[in-house]
Amino acid sequence: MSEPPGAAVSVTEAPPLTDFPSEPLAAQRVLPLRRPGRWIATAVVLVLAAQFVHGLATNPFYQWDRFAYWFLRPTVLDGLLITLEVATYSAVLGLLGGILLALARLSKSPVLRAVSWTYVWALRSIPLIVVLLFLYNFSALYKTLSVGVPFGPAFFSFDESRLATDMVIAVIGLSLNEAAYAAEVVRGGILSVDQGQHEAASALGLPKGYQFRKIVFPQALRSITPNYVNQLIGLIKSTSLVFYVSLLDLFGTVQSMGSTYPGDIVPLLLVATVWYLILTSAVSVVQFYVERHYARGATRSLPPTPLQKLRASLTDLRARIRRETAI
């Protein structure tokens, strides 16, 4: 209905749509979203960690003075050296055997594929301790080993018991077991190479051996090397089983000393634990830098090293302190 002529119309001004703050935008602080669950979980973890460390430091049952006595004893270091020797020989021989098994698995020969598959299946199914004990008693099955014509004369033979020392048995047993797992690591790395690389190499008329050495295998190392370095951590821990074939490695030495000094069993076990932690941590550091090296062609930027992360954290902290001071 229209207003009559001459009527006064009141006009009310609308409030402003936006009330601008009195302080500039640069001085405003952005408050992060509060997450009480995260803080509660962090507090619980810190309390449990503090209790664990307190128990380690104050429980007299650990006998840290005896731990310090045994940690660098020559007999323990000798066992540590044997552990390193067994792990090194087994890692190299296991990788070489894994490469041969992987190539046999990928070959066009049905015999080689069947033998390789059977070997990997058997060694991955049989526990390592069973393999070591079987090799330790191998001389009871075969007194002598000979090389010659099958079902015919032998060219030469040798006494198995003289050659199969405790070190040899341990290295062979670990190498046979490691080769089965390394074969799958190498095979997976070779299969990860793009099929176009094989087709391009074949189109150039390159020999198969040259293709593998210069084109396929270098690219497969990007996947093989980090995975196999990770496998070495399990190999170092597996060396503790060679004690059962009478080889006094680190764990065997600790066990032997524990039998001689029954009051020091716990400190001796802690000595072995700390040394295994040191060895596996060293391999983990190597693994990080190996993965970082082979990631150069796969990622836009390399992952930062721990030192770079520390520097970045300190830089961010300094920048935050400057902003707080300026405000």
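## Overall make-up

The protein chain holds 13 helices and two strands; helices (H or I, at least four residues) and strands (E, at least two) are DSSP runs, numbered from the N terminus. This is a predicted model, in which local features need pLDDT of at least 70 and side-chain atom pairs count only at pLDDT 80 or more, while totals for chains, interfaces and linings use all residues. Residues are numbered from 1 along each chain as its sequence is written, and side-chain values use heavy atoms, with hydrogens and water left out.

Of the 327 residues of the protein chain, 27% count as buried. Buried means under 20% relative accessible area, exposed means over 50%, and partly exposed lies in between (1.4 Å probe, protein chains only). The accessible surface of the protein chain comes to about 22,500 Å², and carbon and sulfur atoms account for 65% of that surface. Accessible areas come from the Shrake-Rupley method with a 1.4 Å probe, and for residues only the protein chains shown count as cover. Among contacts (heavy atoms within 4.5 Å) between residues at least 6 apart in sequence, 70% join residues at least 24 apart.

## Nonpolar cores

A nonpolar core is a set of buried Ala, Val, Leu, Ile, Met, Phe, Trp, Tyr and Cys residues joined through side-chain atoms within 4.5 Å. The largest one has 27 residues, of which Val86, Leu174, Val186, Ile224 and Val242 touch the most other members. At least two residues of this core come from each of helix H3 (74-106), helix H5 (128-136), helix H8 (166-191) and helix H10 (208-238). H8 supplies the largest share, eight residues.

Ile224 touches Val185, Val186, Gly189 and Phe217, leaving aside residues up to four places away in sequence. Another core, of 20 residues, lies apart from the largest one, and its members include Leu268, Leu270, Trp275 and Leu279. In soluble globular proteins, nonpolar side chains tend to be buried together.

## Largest pocket

The largest pocket has a volume of about 410 Å³. On a 1 Å grid over the protein atoms alone, a pocket is an open set of points where a 1.4 Å probe fits, with protein on both sides within 12 Å along at least five of seven lines; lining residues have an atom within 4 Å of a point. Grid points are joined across faces, edges and corners, and a volume is the space filled by probe spheres set on the points.

The lining consists of Leu103, Leu106, Ser107, Lys108, Ile190, His198, Lys208, Gln211, Phe212 and Val216. H3 and H10 are the elements that give two or more residues to this lining, and H10 gives the most, with four. By class, the lining divides into five nonpolar, three polar and two charged residues. Here Ala, Val, Leu, Ile, Met, Phe, Trp, Tyr, Cys and Pro count as nonpolar, Asp, Glu, Lys and Arg as charged, and the others, Gly among them, as polar.

Thr225 is found in helix H10. With a relative accessible area of 18%, Thr225 is buried. Its contacts, not counting residues up to four places away in sequence, are Val290 and Tyr294.

Tyr181 belongs to helix H8 and is partly exposed, at a relative accessible area of 30%. On the same exclusion of residues up to four places away in sequence, Tyr181 touches Arg124 and Gln231. Tyr181 and Leu123 are 58 residues apart in sequence, and their C-alpha atoms are 8.5 Å apart in space.

## Loop residues with positive phi

Most residues other than glycine have a negative phi. Gln63, in the loop between helix H1 (36-58) and helix H2 (64-71), has a positive phi near 50°. Gln63 is partly exposed, with a relative accessible area of 23%. Not counting residues up to four places away in sequence, Gln63 touches Gly263, Asp264 and Pro267. The C-alpha atoms of Gln63 and Asp264 are 8.0 Å apart, across a sequence separation of 201 residues.

Ser246 is found in the loop between H10 and helix H11 (250-260). Ser246 is not a glycine, yet its phi is positive, at about 70°. Ser246 is partly exposed, with a relative accessible area of 41%.
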